[in-house]
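Here's a quick tour for anyone meeting this model for the first time. Take a look, then read on.

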Amino acid sequence: MLRVAVPNKGALAGPASEMLGEAGYRQRHEQRDLTVLDPVNEVEFFFLRPKDIPIYVGSGELDLGITGRDLALDSGAPVEEALALGFGGSTFRYAAPAGRDWKTEDLRGRRLATSYPRLVRDDLARQGIDAEVIRLDGAVEISVQLGVADAIADVVGSGRTLRQHNLVAFGDPICVSEAVLVHRAGSEESKPATQLAARLQGVVFAQQYMMLDYDCPRELLEQAMAITPGLESPTVAPLAHPDWVAVRAMVPRKQANSIMDELAAVGARAVLASDIRSCRL
Ligand SMILES: Nc1ncnc2c1ncn2[C@@H]1O[C@H](COP(=O)(O)OP(=O)(O)OP(=O)(O)O)[C@@H](O)[C@H]1O
Ligand SMILES: O=P(O)(O)OC[C@H]1O[C@H](OP(=O)(O)OP(=O)(O)O)[C@H](O)[C@@H]1O
Ligand SMILES: [Mg+2]
């Protein structure tokens with residue numbers, strides 16, 4: 001039985017469970033359940049704090065886990081990324097009161113509050129900066145205003161929380177994070193673990209691509225195929241009208257609209273974009 005850790009709370013919990021559901025795995029119906037058995041796929045899921053997940057996986061108690069890259073690095077646990085999952089994107093940054101042009105060197109000798117002390121200490125050491133790191137459990141943005149710290153290092157999503165507390169981010173991001181699937185460093189991948197990773201990879205690809213279908217005059221096919229080369233090459237099928245063909249190709253979701261504009265400009269008609277639920281490439 002494969003044992004897999006899934007975030008039970010916070011920013012990663014909802015999307016992680018949705019992604020596993022999309023990949024065909026049974027997920028919990030009750031928020032408070034701490035385990036779910038999926039006998040069909042021979043997997044047992046454990047719902048744990050995202051921060052604790054690298055510890056369980058690094059110790060070998062659990063085979064795989066979903067957590068944040070920033071949390072995995074901060075844990076210091078011996079885990080490796082098997083797959084980046086494309087959600088829970090954030091940056092981990094230094095921030096300090098607005099109204100001054102802060103540089104990372106300005107942190108020297110100051111008090112720095114964070115919930116990710118190892119990540120921060122490692123970065124300060126790399127930059128040769130000596131600062132006092134104060135470990136807080138959360139709501140770190142308020143610590144400066146309350147006089148506990150001079151600056152912070154924290155997760156930035158939309159940047160709203162920083163703005164609300166009159167803080168500005170500065171310096172290079174310490175970590176560019178997203179949700180990741182991790183396994184124990186150097187562990188042999190079992191067949192069920194490889195299958196779970198492949199299924200999640202299928203959902204990640206499906207979310208990053210769209211399927212485009214369009215009709216195209218035969219004489220313009222070369223031009224249209226150059227715009228939508230697909231993964232191997234596009235599917236081209238005859239239409240009842242001898243001068244026209246139907247084309248089908250996967251395109252990156254972020255570029256779907258501009259590709260549709262280009263196809264229409266070339267002379268394609270009935271350009272349809274549809275979602276892909278899952279795939280194996
Ligand atoms: N606002 C956000 N936008 C995007 N990702 C975020 C955001 N907040 C947190 N994350 C990501 O979610 C993970 C942390 O999750 P979460 O905040 O649920 O954990 P936590 O703060 O350790 O737990 P808790 O505060 O509930 O004890 C990190 O990987 C972080 O990068
Ligand atoms: O840039 P934003 O979109 O505003 O998001 C960033 C905030 O989200 C997270 O907090 P969380 O909700 O996890 O609370 P916590 O500080 O108690 O962990 C993070 O720690 C920041 O405080
Ligand atoms: Mg949090």
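Domain bounds here come from an automatic or database domain assignment. This is a predicted model, where local features need pLDDT of at least 70, side-chain atom pairs count only at pLDDT 80 or more, and totals for chains, interfaces and linings use all residues. Residues are numbered from 1 along each chain as its sequence is written, while chains are lettered from A and ligands numbered from 1 in the order in which they are written.

Let's start with the overall layout. The protein chain splits into domain 1 (2–88), domain 2 (90–172) and domain 3 (209–275). The centres of domain 2 and domain 3, taken over C-alpha atoms, sit 48 Å apart.

Now for the ligands. The shell around ligand 1 takes at least three residues from each of domain 1 and domain 2. A residue is near a molecule if its C-beta atom, placed from the backbone, lies within 6 Å of it. On that basis ligand 1 has 16 residues around it, with Gly-10, Ala-11, Gly-68, Ser-90 and Gly-157 coming nearest.

Around ligand 2 there are 13 residues, and the closest are Gly-138, Gly-157, Ser-158, Arg-160 and Thr-161. Helices (H or I, at least four residues) and strands (E, at least two) are DSSP runs, numbered from the N terminus. The largest share of this shell, three residues, comes from β9.
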